[in-house]
Amino acid sequence: MKKERAVLTTVKEWLKNQNYQAQLVKQGDVLMLRGLLPVLKDERGLVLVELFMTEYNQTADLVHLFATMTPPLEGDMGPLQRAANSWNLVALAGCYGICEETSQLFYRHTVAVETDDAVETVARDAFRGLCVAMDEMARRLPEAILLSDPS
């Protein structure tokens with residue numbers, strides 16, 4: 001994808017204007033924008049958010065957003081998994097799950113963008129998707145924190 005770096009750099013600058021810090025990193029062959037973003041007020045509820053792009057077809061690309069919402073969980077993950085399953089039925093967008101490898105709650109959201117759109121347009125769509133994702137996670141993070149606390 002030709003615009004990937006420009007799109008992610010534009011979103012990074014918009015986050016910087018909101019006093020959030022993110023950085024462009026490369027993981028293998030994948031360029032991504034990664035940052036710790038507060039989804040609850042007073043900079044509480046930091047989640048690790050990663051955005052990256054993939055080609056879908058000749059007319060559309062996909063912007064993927066993954067967020068790690070909890071530290072590794074210990075003990076019975078059943079209550080949090082059941083909660084995530086129920087959240088998926090009423091989520092504004094995206095989906096929740098428990099990563100088996102890391103034992104962490106994650107959130108995933110994908111936005112389709114037009115391949116021929118200008119960088120600014122694609123970045124705006126990606127940023128809008130990020131805002132929707134943060135709103136959705138803010139609705140669930142307080143309960144997730146309670147369910148993931150082993151004490």
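A cavity is a set of points on a 1 Å grid over the protein atoms alone where a 1.4 Å probe fits but cannot get out, and its lining residues have an atom within 4 Å of a point. Grid points are joined across faces, edges and corners, and a volume is the space filled by probe spheres set on the points. All views show a predicted model, in which local features need pLDDT of at least 70, side-chain atom pairs count only at pLDDT 80 or more, and totals for chains, interfaces and linings use all residues. Residues are numbered from 1 along each chain as its sequence is written, and side-chain values use heavy atoms, with hydrogens and water left out.

**View A. The largest cavity and its lining.** A search of the whole structure finds 1 cavity of 30 Å³ or more. About 40 Å³ of space lies in the largest cavity. Its lining consists of Leu15, Ala22, Leu33, Arg34, Gly35, Leu37, Val49, Leu51 and Leu130. Strand 2 (30-40) and strand 3 (44-55) each give at least two residues to this lining; here helices (H or I, at least four residues) and strands (E, at least two) are DSSP runs, numbered from the N terminus. The largest share, 4 residues, comes from strand 2. By residue class, the lining of the largest cavity divides into 7 nonpolar, 1 polar and 1 charged. In this division Ala, Val, Leu, Ile, Met, Phe, Trp, Tyr, Cys and Pro count as nonpolar, Asp, Glu, Lys and Arg as charged, and the others, Gly among them, as polar.

**View B. The second largest pocket, with a volume of about 160 Å³**. A pocket is an open set of points with protein on both sides within 12 Å along at least five of seven lines. The lining of the second largest pocket is made up of Glu50, Phe66, Ala67, Thr68, Cys99, Glu101, Thr102, Gln104, Leu105 and Phe106. Strand 4 (60-68) and strand 6 are the elements that give two or more residues to this lining. The lining of the second largest pocket comprises 5 nonpolar, 3 polar and 2 charged residues.

**View C. The aromatic pair of Trp14 and Phe127.** Rings of Phe, Tyr and Trp (its six-membered ring) pair if their centres lie within 6.5 Å; planes under 30 degrees apart count as stacked, over 60 as edge-to-face and the rest as tilted. By this rule the count comes to 4 aromatic pairs. Trp14 and Phe127 form an edge-to-face pair, at 5.6 Å centre to centre and with 75 degrees between the planes. This pair links distant parts of the chain, with Trp14 in helix 1 (residues 4-17) and Phe127 in helix 3 (residues 119-148), 113 residues apart. Trp14 is partly exposed, with a relative accessible area of 22%; buried means under 20% relative accessible area, exposed over 50%, and partly exposed in between (1.4 Å probe, protein chains only).

**View D. The aromatic pair of Tyr96 and Tyr107.** The ring centres of Tyr96 and Tyr107 are 5.0 Å apart and their planes stand at 55 degrees, so the pair is tilted. Tyr96 in strand 5 (residues 95-99) and Tyr107 in strand 6 (residues 104-114) are 11 residues apart, and their pair links distant parts of the chain. Both Tyr96 and Tyr107 are buried. Ring pairs join Trp87, Tyr96 and Tyr107 into a cluster.

View E. Glu4, Val7, Leu8, Thr10, Val11 and Leu15 are buried in helix 1. Seen down the helix axis, the buried residues fall within an arc of 155 degrees, so they line one face of helix 1. The arc is that of the directions from the helix axis to the C-beta atoms. Exposed residues Lys16 and Asn17 are carried on the face turned away from the buried side of helix 1.

View F. Asn19 is found in the loop between helix 1 and strand 1 (22-27). Its phi is near 65 degrees, a positive value in a residue other than glycine. At 70% relative accessibility, Asn19 counts as exposed. Ser103, in the loop between strand 5 and strand 6, also has a positive phi, of about 55 degrees, although it is not a glycine. Ser103 is buried, with a relative accessible area of 17%. Thr70 is found in the loop between strand 4 and helix 2 (78-90) and counts as buried at 5% relative accessibility. The C-alpha atoms of Thr70 and Asp149 are separated by 9.6 Å, with the two residues 79 apart along the chain.
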